[in-house]
Amino acid sequence: MGRALSVFDLLKVSIGPSSSHTAGPMRAAAEFSADLDAAGVLEDVATIEVSLYGSLAATGPGHGTLDAVLLGFEGCRPDQLLPSEAEARQARISDEGTVLVADRHSVPLSTAAISLHPLTRLQRHSNGMRFTALDATGEPVQQETFFSIGGGFIARDVDGGPDGEGAGGDGAIQGGEGDGEAREPAIPMPFSTAVELLEHCRRREIGVSEVMLRNELTWRTEAEIRQGLLHLRDVMFESVAASVAREGYLPGRLSVRRRAKIWYDRLQSEALGDDPTYWQEWVNMVALAVNEENASGGRVVTAPTNGAAGIIPAVLHYALHYPPAAERRDEIAVDFLLAAGAIGVLFKEQASLSGAEVGCQGEVGSAASMAAGGLASVLGGTPEQVENAAEIAMEHNLGLTCDPIGGLVQVPCIERNALAATQAINAARMALWGDGQHHVSLDEVIVTMRETGRDMSEKYKETSQGGLAVNVIEC
């Protein structure tokens with residue numbers, strides 16, 4: 001197991017519409033511009049060549065990848081950039097045809113100059129990108145290859161040769177707060193499998209969220225952890241509030257109508273907020289709202305990806321409003337997100353969160369599993385029941401393809417989040433009515449997801465070359 005993962009690596013403030021196709025490329029470009037500055041060669045750069053490969057090239061235009069790269073060169077980071085600032089910078093770049101590398105050195109560059117290679121897949125990952133800085137004579141000043149490996153995480157190709165087709169090096173994985181700076185201290189309870197996680201729980205007689213909390217204390221105080229998690233909760237529901245203030249249609253050529261405001265207004269006008277009969281309508285509305293905000297390029301929490309960002313907030317909304325103990329809202333939110341983070345670690349360590357690598361089972365499936373585990377935890381489930389809830393939610397997402405119409409994170413992504421949220425709630429309920437014993441383990445399901453993704457045709461891995469993306473006429 002490599003560097004230990006924090007819950008703040010898996011859940012982080014970002015900007016839509018995609019963690020792998022927007023946030024990751026922005027972070028990679030920001031790293032490249034910072035490297036140029038640190039090497040003292042920034043002023044020598046006359047132009048930058050950008051090449052995108054595989055899924056990044058195939059669906060990047062619809063995912064905002066091209067604009068994200070240019071913003072990254074200006075030093076923008078997805079966890080710090082507000083949508084209003086992004087819009088202003090994009091307008092200036094478009095008008096002037098230049099970017100301010102590291103936010104101070106002007107270089108001519110526009111989205112039209114970015115080279116797309118959808119049929120070329122670099123060896124390490126489908127989401128590959130190469131940046132080459134050239135001086136005034138056309139000589140390379142610096143060249144780097146990055147991979148956006150899901151959930152906003154990036155990796156450098158440290159071994160790839162000039163053509164980028166080499167071994168696909170094992171460069172540092174980056175993501176989350178601090179952009180993945182190495183965490184040197186050893187955590188007290190390391191785990192990469194559910195078996196290891198449950199063993200920590202049994203030996204110390206603690207819950208899943210407590211294991212995650214004790215590991216988090218390696219890097220932050222308990223007060224900082226609590227504050228950080230409550231901030232994530234607040235941003236999640238700020239996304240809902242921003243979304244239900246919007247009317248009309250989502251950006252892009254599909255002309256998808258926004259539904260969150262319509263549903264929210266109906267729930268409010270009919271005073272259905274306190275009626276438990278309508279919990280599912282509220283869960284659906286929250287999931288739709290977050291994903292409509294994401295599709296609009298708004299501010300969301302990557303949880304653990306942007307394409308699946310609505311599931312955890314929707315299930316958390318349920319946990320905060322409908323169970324009997326829901327008045328303990330801060331404590332519930334912290335417990336929920338810690339337990340969800342622990343489940344997310346298992347997926348990141350054993351498989352993938354990337355739709356371009358394993359299909360939507362790695363995005364929506366892992367998010368549903370995390371949400372189910374988080375809900376089971378706050379409802380008083382034993383560690384075995386938490387693991388069972390996470391397993392049930394993932395098992396029934398195996399084989400889920402990623403085939404966005406028009407390369408946009410809209411259809412079927414938005415509705416899929418709402419369905420997965422209610423599925424996660426049902427998975428937690430089923431697990432809590434059992435005793436934690438079950439035939440299929442969470443580890444077995446995660447390994448199956450990884451192997452299924454490996455066997456899945458590339459056209460179902462966020463390329464818009466199969467499934468609904470080719471069988472539904474865009475209009």
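Mentor: In this predicted model, the rule finds 4 residue pairs in polar contact across the interface of domain 1 and domain 2.

Trainee: Which elements give two or more residues to the side of domain 1 that touches domain 2?

Mentor: They are α3 (54-63) and β7 (140-150). The most comes from α3, with 4 residues. By class, the residues on that side of domain 1 divide into 11 polar, 4 nonpolar and 1 charged.

Trainee: How many salt bridges are counted between domain 1 and domain 2?

Mentor: The count is 0. A pair would need a side-chain nitrogen of Lys or Arg within 4 Å of a carboxyl oxygen of Asp or Glu.

Trainee: What area do domain 1 and domain 2 bury between them?

Mentor: About 1,300 Å², with 58% of it on carbon and sulfur atoms. In terms of contacts, 16 residues of domain 1 meet 20 residues of domain 2. The centres of the two domains, taken over C-alpha atoms, are separated by 30 Å.

Trainee: Why is Ala-46 called partly exposed?

Mentor: Ala-46 has a relative accessible area of 29%. Buried requires under 20% and exposed over 50%, so Ala-46, at 29%, is partly exposed.

Trainee: Where is Ala-46 placed, and which residues does Ala-46 touch, not counting residues up to four places away in sequence?

Mentor: Ala-46 lies in the loop between α2 (19-38) and β2 (47-53). With that exclusion, Ala-46 touches Val-107, Pro-108, Leu-134, Asp-135 and Ala-136.

Key: Residues numbered from 1 in each chain as written. Predicted model: local features only at pLDDT ≥ 70, side-chain atom pairs only at ≥ 80, totals over all residues. Heavy atoms only, no water. Domains from an automatic or database assignment. Contact = heavy atoms within 4.5 Å. Buried area = accessible area lost by both parts, 1.4 Å probe. Polar contact = N/O pair within 3.5 Å; in protein donor to acceptor, adjacent residues only side chain to side chain. Nonpolar A, V, L, I, M, F, W, Y, C, P; charged D, E, K, R; others polar. Buried < 20%, exposed > 50% of the residue type's maximum accessible area, 1.4 Å probe, protein only.
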